[in-house]
Amino acid sequence: MNESLLEILCCPLDKHDLELEDAEYDDDEVVAGDLVCTECGERYPIDDGIPNLLPPDMREETPA
Amino acid sequence: MNESLLEILCCPLDKHDLELEDAEYDDDEVVAGDLVCTECGERYPIDDGIPNLLPPDMREETPA
Amino acid sequence: MSVREEFDEWATSGRDKGMEERHWHTAKHALARMPVEPGDTVLDLGCGSGYAGRALRDTNDAGRVYGLDGAPEMAHNAADYTEDDRVGYVVGDFGSLPFADDSIDHVWSMEAFYYASDPHHTLEEIARVLRSGGTFYCAVNYYEENVHSHEWQEFIDIEMTRWDREQYREAFRRAGLHVAEQDNIPDREITIPSEAEFPTDEWDTRDAMVERYREYGTLLTVGVAP
Amino acid sequence: MSVREEFDEWATSGRDKGMEERHWHTAKHALARMPVEPGDTVLDLGCGSGYAGRALRDTNDAGRVYGLDGAPEMAHNAADYTEDDRVGYVVGDFGSLPFADDSIDHVWSMEAFYYASDPHHTLEEIARVLRSGGTFYCAVNYYEENVHSHEWQEFIDIEMTRWDREQYREAFRRAGLHVAEQDNIPDREITIPSEAEFPTDEWDTRDAMVERYREYGTLLTVGVAP
Ligand SMILES: Nc1ncnc2c1ncn2[C@@H]1O[C@H](CSCC[C@H](N)C(=O)O)[C@@H](O)[C@H]1O
Ligand SMILES: Nc1ncnc2c1ncn2[C@@H]1O[C@H](CSCC[C@H](N)C(=O)O)[C@@H](O)[C@H]1O
């Protein structure tokens, strides 16, 4: 993902801002890391460059 | 014209309400009369059942 | 020449009906998109024969339909074509609409808007009379991209506004209308003669006629009052 | 079954591309109507292969285009189909959009909206993320009037919402969106075999297939944020 996406992304649960943590880059692209809600602290993983912003209870179905 | 039209018509110049004067009816239809602005007093004629709400300076071209 | 002089003559010579027939090819598709609900009040600007308003009465059960036209003969003809007492006609000018603020649910105009002497002001007037959420369906065949329409100005003494697609969108927004869609509606019904019959009186080439009708067709811009 | 389980399987078996090809027949006409200006941010809900957003980048010079999909494999496929760094994909659910209030200029969704588990809430979410004057273009082939689509529910374990035209308009308004237009966009491109070839595996009669595609086509409802 491109970091500009952070300008409009928010936590799907409480709609607060997200912060990028543990980012790994390939050129300008963020290919791995976590998006962390500044309010509730929920962590959303970036898999293969694509942020997974499913609400946590829907994400759990995901085989790790 | 049907009198219900008066609910939404207004003076084209100052947008104030119009009042129906000297009305002649054919059943429920107003076939002649004048629509008079409650603010500026301008009179708009109803010709053959159709109100002429052109601004007066455009109406003047009309042969009487 | 005034709108009245020009178009009264069209009305008395029967051109109102000729336009209705040709414009219907594309107008009906635009009318079918309008979100007119039963009971709504619809205004048709430059109504000509008044066919558009009558169609919305029939298909969408519009509550009241009013046609405004600057040419008294147009309005009188239109009134003669219907007995429906929920349809009414008014002689008036695009420059100063005789309707109260927020009194209209939807405004329709086909092949007429560009005759407004101050189109920006007319858009403001439309935005004024529309209630919040009401739409303005503005359909024109005369516009910049339709190069085949440019010469029409030569045949008429009223100055016509020739905007392109973008200018329509910008002007709508400047008047405070949101732009909801813009589309070219092709005329798939007009008969286009076979290649052998070209040039005709009106068309040098068949390709030009195909482009005019099947590709450019009618430009529709839809605005929504905030 | 979850959206993820159902549609990840579609993505890995290539159905994302199959849908793109078929949906394009009508989607392109709806996309062409969208008033997307250069620089605008567009969101594609249930993007599948992501073709719609990429088209708006190419034709309207949209500034940023984001596709959201509940199936990670769909989003990953979509990302693989483009190198454009102004196009991005997100895994997310229609029930809780991960976008800030007023952050999106226009929302597009083709053949996806009716999978929302609470469609009214999804409309509220769309109204929330749209800036004032932004549009929601909602295109569906599965809807009440299209009787030929009703059986689709049998083939999928996710509950599908089957509204009619009026229910779409009402639901949009309930969520605070103005309804700007509603239209059936015919699919004029799909090949309909000659009479002699019916019944086919999918169609009992040619008339039914003609009605499904040429008449009902895709139902488009356009909402505008006030
Ligand atoms: N400034 C103005 N104010 C009011 N009506 C006007 C006008 N300029 C032109 N018109 C009217 O607009 C109409 C244009 S012809 C189109 C008629 C009809 N809508 C149709 O589709 O066939 C004429 O009837 C003309 O009298
Ligand atoms: N609740 C939900 N949240 C997010 N995406 C969903 C969803 N329900 C279904 N989808 C996605 O919606 C898509 C429907 S298929 C349509 C794909 C694409 N718009 C096209 O026109 O071809 C699938 O990719 C599916 O994964």
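Student: How far does a backbone N or O atom of D:Met110 lie from a nitrogen atom of ligand 2?

Tutor: A polar contact is a pair of N or O atoms within 3.5 Å; within protein, one must be able to donate a hydrogen and the other to accept it, and residues adjacent in sequence count only if both atoms are side-chain atoms. In this predicted model, the distance for D:Met110 is 2.9 Å. Backbone N or O atoms of D:Gly46 and D:Phe94 also lie by a nitrogen atom of ligand 2, at 2.8 Å and 3.0 Å respectively.

Student: How much of the area that ligand 2 exposes when taken alone does the protein bury?

Tutor: Accessible areas come from the Shrake-Rupley method with a 1.4 Å probe; for residues, only the protein chains shown count as cover. Ligand 2 alone exposes 570 Å², of which the protein buries 99%.

Student: Which elements give two or more residues to the shell around ligand 2?

Tutor: Helices (H or I, at least four residues) and strands (E, at least two) are DSSP runs, numbered from the N terminus. In chain D, these elements are helix H1 (3-12), helix H2 (15-33) and strand S2 (64-69). H2(D) supplies the largest share, 3 residues.

Student: How many residues surround ligand 2?

Tutor: A residue is near a molecule if one of its heavy atoms lies within 4 Å of it. Here 21 residues surround ligand 2, with D:His23 and D:Tyr51 among the closest.

Conventions. Residues are numbered from 1 along each chain as its sequence is written. Chains are lettered from A and ligands numbered from 1 in the order in which they are written. This is a predicted model: local features need pLDDT of at least 70, side-chain atom pairs count only at pLDDT 80 or more; totals for chains, interfaces and linings use all residues. Side-chain values use heavy atoms; hydrogens and water are left out.
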